[in-house]
Protein chains: 4
Amino acid sequence: MSDATDVLLPPLRIGSLTLTSRLILGTGGITNLEVLEQAVAASGTELVTVALRRVTDRGPGSLLDLLERTGVEVLPNTAGCATATEAVQLARLAREAFGTRRVKLEVIGDEHTLLPDVVETLDAAETLVDEGFEVFAYTNDDPVTALRLADLGCVAVMPLGSPIGSGMGIANPTNLAIIREQLEVPVVLDAGIGTASDAALAMEAGCDAVLLASAVTRAQDPPAMARAMRCAVEAGWLARRAGRIPRRRFAVASTTDVGRPQLGSASGTP
Amino acid sequence: MSDATDVLLPPLRIGSLTLTSRLILGTGGITNLEVLEQAVAASGTELVTVALRRVTDRGPGSLLDLLERTGVEVLPNTAGCATATEAVQLARLAREAFGTRRVKLEVIGDEHTLLPDVVETLDAAETLVDEGFEVFAYTNDDPVTALRLADLGCVAVMPLGSPIGSGMGIANPTNLAIIREQLEVPVVLDAGIGTASDAALAMEAGCDAVLLASAVTRAQDPPAMARAMRCAVEAGWLARRAGRIPRRRFAVASTTDVGRPQLGSASGTP
Amino acid sequence: MSDATDVLLPPLRIGSLTLTSRLILGTGGITNLEVLEQAVAASGTELVTVALRRVTDRGPGSLLDLLERTGVEVLPNTAGCATATEAVQLARLAREAFGTRRVKLEVIGDEHTLLPDVVETLDAAETLVDEGFEVFAYTNDDPVTALRLADLGCVAVMPLGSPIGSGMGIANPTNLAIIREQLEVPVVLDAGIGTASDAALAMEAGCDAVLLASAVTRAQDPPAMARAMRCAVEAGWLARRAGRIPRRRFAVASTTDVGRPQLGSASGTP
Amino acid sequence: MSDATDVLLPPLRIGSLTLTSRLILGTGGITNLEVLEQAVAASGTELVTVALRRVTDRGPGSLLDLLERTGVEVLPNTAGCATATEAVQLARLAREAFGTRRVKLEVIGDEHTLLPDVVETLDAAETLVDEGFEVFAYTNDDPVTALRLADLGCVAVMPLGSPIGSGMGIANPTNLAIIREQLEVPVVLDAGIGTASDAALAMEAGCDAVLLASAVTRAQDPPAMARAMRCAVEAGWLARRAGRIPRRRFAVASTTDVGRPQLGSASGTP
């Protein structure tokens, strides 16, 4: 019964990529490739991010082998880099290794919180765009930095909702909304999602897609959570387009029959 | 692409009713029956609430005619009643008119906020249960009142998220979670939903279903919002079962590659 | 420097009582009477609630002795009662024992969450008001119940912010604001306060006073927290009267010098 | 009664300045100098920020004249600058004009939201610190940027709560807490405060002081709001030191008399 077969979200173009799914999956935190495969299938994703070291093993049964089998696009990321120099080096290696000029740029400013270093990120983005990369730039939720990244030519700007792996959800939806209004390239929520309502909220705030890893890979049932996230992303996308009712403190009746019912008129006898 | 055809939520039993959809639609606020019909279809709902006055017209083109055509169950409600006496009277009329002993009990304590009057609601519930009704009891989010309603024999307890028609979402998710833990009968979130993430959050808090009216009927595009809500309810239900990651203030890396990447080991040449 | 000597809040009348302090202290959770004495002094309170059993010992060094010495009024409460009958009995005993017709009515509906039972509370309130008590009624944050309690003749209505001892703060400030608008008797926030900003928020939402126990008695430094709460209550009261700026998503400049500075005009030389 | 005369917050050292008040006032938005003077007095502040253009008039009845009369320190700010170059120029002019090497550095990245441009801010901070300025750096709530500003030698780092003039309060208290843990220099909340509880919350999150302008200057009663903010800042500071109780979803009783009262033992006769 509960199928949603006629949901037809318009395709999302990010650089040279066209996606019909608005959910991007990270592989960090995964401990079992079989479970990952099920989660990928359940999520409906067409794009999966992988840290470079993970994909160096390309043999049968490897992560890369699995992803190729599922037919998803692989987006190498520069996870673990702390400087622009490191990130640029790693991106170049990824390009060689995978024959793709797409890269998720991630430069961490603090090993404890894993928050991005926006100065190094901007530096690296500038270099990578110059070198012809399609840069998906992970950043914090600062609208001014987001606009700078877009102005540099990143194909997607990816603000966090809250710190990587925290599951704290969308700390500042207002910032996401401002980012969406000010940028022309796709905005992808990246990091912080804990559960389905977080993903829906990100889309309602105007994000074009959601990237998440731990929320699925570390859930008790990753494939079930992957499906939940898929539904949530669609729900949030649809809700934004459907034009929600305003919030108002005092109620407006949800029936037109407010006031005492006219029992007499309904039945003839009260 | 974005189908979710294999979402198979377990059926929900409320009294003598078995639902496979967890979304219940109210008709309050609707201005166009054609749009309502599309919204009902898009929502996947199997149960629609109707205020008694609305359904007295049973001719072709009436609301009732439409609902019969779509095949959904009709749940008459006592919207507009301010006392137990009125609500009981109206419920009896509804039973006669519709041949159903199901009733959504709604006794309003304040015409301005439309908040329920729990004392009158408890009184009416006791009478109606005694008279053999299956009572779906609209109430506030107080766990003690919810438990009393369940103890009286209501087949579903329906706490609000926030005032009817306010679109303020789930003001107090903790109360919903407490209610869910303490009751054995289904808990249905009723009132306050504004957008999809609200519906997902209600399900994540433990509700078994969501009832909403204005959020769909007064949205700019009711059928699109109906579909959004359907996806959101499924998303929230799945997410709760999937076992979300804990919230933690400080990040846990979403990749195992945290720390500086060992560029050399990945490629042989840095 | 940091004195606030000219804060002159208008006196608050609750029944036959006139208070110049808007902070009421509970004694639950206290483990050391000396610390309590310091906390009472630091809080500036003029009214302290005590559970009946605690005050039966009236000898030197007892809680009651201490409170008499500090000159505060004692407000006996019916903590621990689960029915109207019990609460009424206990209130009568308190009247005999203390020669006061003031009573904080507290009827708990669930030993686990300590949430109030509004049906029993309403029953007990009716009886006690009839017997000439000045009833300070602890209740949940439901506006309709609050209005019923006021209509019964309670001298103060005391909604919770969140469950007793939870430290969760003000779960639903909107409800408090509605209660304040609809009642003429004083509204006292009771239960849930965790820290100073919670107390300020309760006052900003319109409460006339704040009652708290655990937040002070179980803080690491109860006298320091008592003083913090005193400042917070004054801050919140003042802020409400001072007329806060509206919330707006987009900024309005806080200086009139927005736009590029005209360096030349300021100095003669750019 | 409601004096708080023995609140003795420890002095706060920011660069060469020692403050006993933790509240810093901005003058943006003020329309009446008499009201400003009352607000300054009511706030207890010892430091007031002024945009350069405003202070060029030093004659009798000018803003500067007023501030000198009240005895507060003046902190010139670079409000309105959009680049590091402009901000550095303006800071130099301020140094000449006021004979102070203190400057509040503010470089705006977007005239609409007035959010800071962290890249330009970092650039300007580096130059100004090199030139011997004591830089109070306005920034967003990103912990990594805050740490960079501290590492550059700023004497205070001043993260926003929400956009200037928005009155939205503290959007992300977690970020403030992380900033406080990672920095050794004072952290001053700057921008976004709407009402007293916001200021208290900022201090509870670990800020050493609060700077605000519109919340006071644009309140209906600026002096009353100034006093409210003073109390709130003290309340928040004290509450943090007092060691708040943990938040817990389920209640812990605030009296030791939980459970049915033993009426018999209290009175001899039930």
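**Reading the model**

Modeller: Chain A exposes about 8,800 Å², and carbon and sulfur atoms supply 47% of it. Accessible areas come from the Shrake-Rupley method with a 1.4 Å probe, and for residues only the protein chains shown count as cover. This is a predicted model, in which local features need pLDDT of at least 70 and side-chain atom pairs count only at pLDDT 80 or more, while totals for chains, interfaces and linings use all residues. Residues are numbered from 1 along each chain as its sequence is written, chains are lettered from A and ligands numbered from 1 in the order in which they are written, and side-chain values use heavy atoms, with hydrogens and water left out.

Biologist: What percentage of the residues of chain A count as buried?

Modeller: A residue is buried under 20% relative accessible area, exposed over 50%, and partly exposed in between (1.4 Å probe, protein chains only). Of the 270 residues of chain A, 66% count as buried.

Biologist: How many helices and strands has chain A?

Modeller: Helices (H or I, at least four residues) and strands (E, at least two) are DSSP runs, numbered from the N terminus. Chain A has 11 helices and 10 strands. As for contacts (heavy atoms within 4.5 Å), residues 24 or more positions apart account for 64% of those in chain A with a separation of 6 or more.

Biologist: Which way do the residues of strand β8 of chain A point, and are they buried or exposed?

Modeller: In a regular strand the side chains alternate between the two faces of the sheet. In strand β8 (residues 156-159) of chain A, A:A156 and A:M158 point one way and A:V157 and A:P159 the other way; all are buried.

Biologist: In which sense do β7 and β8 of chain A pair?

Modeller: Two strands pair if DSSP finds at least two bridges between them. Here, strand β7 (residues 134-139) of chain A and β8(A) pair in the parallel sense over 4 bridges. A:F136 stands opposite A:A156 in β8(A).

Biologist: What unit do these strands make with helix α6 of chain A?

Modeller: A crossover is right-handed if, with the strands pointing away from the viewer, the path from the first strand over the helix to the second runs clockwise. β7(A), helix α6 (residues 143-152) of chain A and β8(A) make a right-handed β-α-β unit. The buried residues of α6(A) are A:P143, A:V144, A:T145, A:A146, A:L149 and A:A150. Their cover includes α5, β7, β8 and α7 (173-182) of chain A, together with α5 (118-130) of chain D. After α6(A) comes A:G153, whose phi is positive, near 110°.

Biologist: Where do the partners B:D117 and C:R148 lie?

Modeller: Their side chains meet in a salt bridge (2.8 Å, N to O). B:D117 lies in the loop between β6 (102-105) and α5 (118-130) of chain B, and C:R148 in helix α6 (residues 143-152) of chain C, so this pair too joins two chains. B:D117 counts as buried at 7% relative accessibility, and C:R148 as partly exposed at 27%.

Biologist: Which parts of chain D does the salt bridge of D:E134 with D:R102 tie together?

Modeller: The closest N and O atoms of this pair are 3.7 Å apart. D:E134 lies in strand β7 (residues 134-139) and D:R102 in strand β6 (residues 102-105) of chain D, so the pair ties together parts that are 32 residues apart in sequence. D:E134 is buried at 6% relative accessibility, and D:R102 is buried at 12%. In chain A, salt bridges that share partners join A:E73, A:R101, A:R102 and A:E134 into one network.

Conventions
A salt bridge is a side-chain nitrogen of Lys or Arg within 4 Å of a carboxyl oxygen of Asp or Glu.
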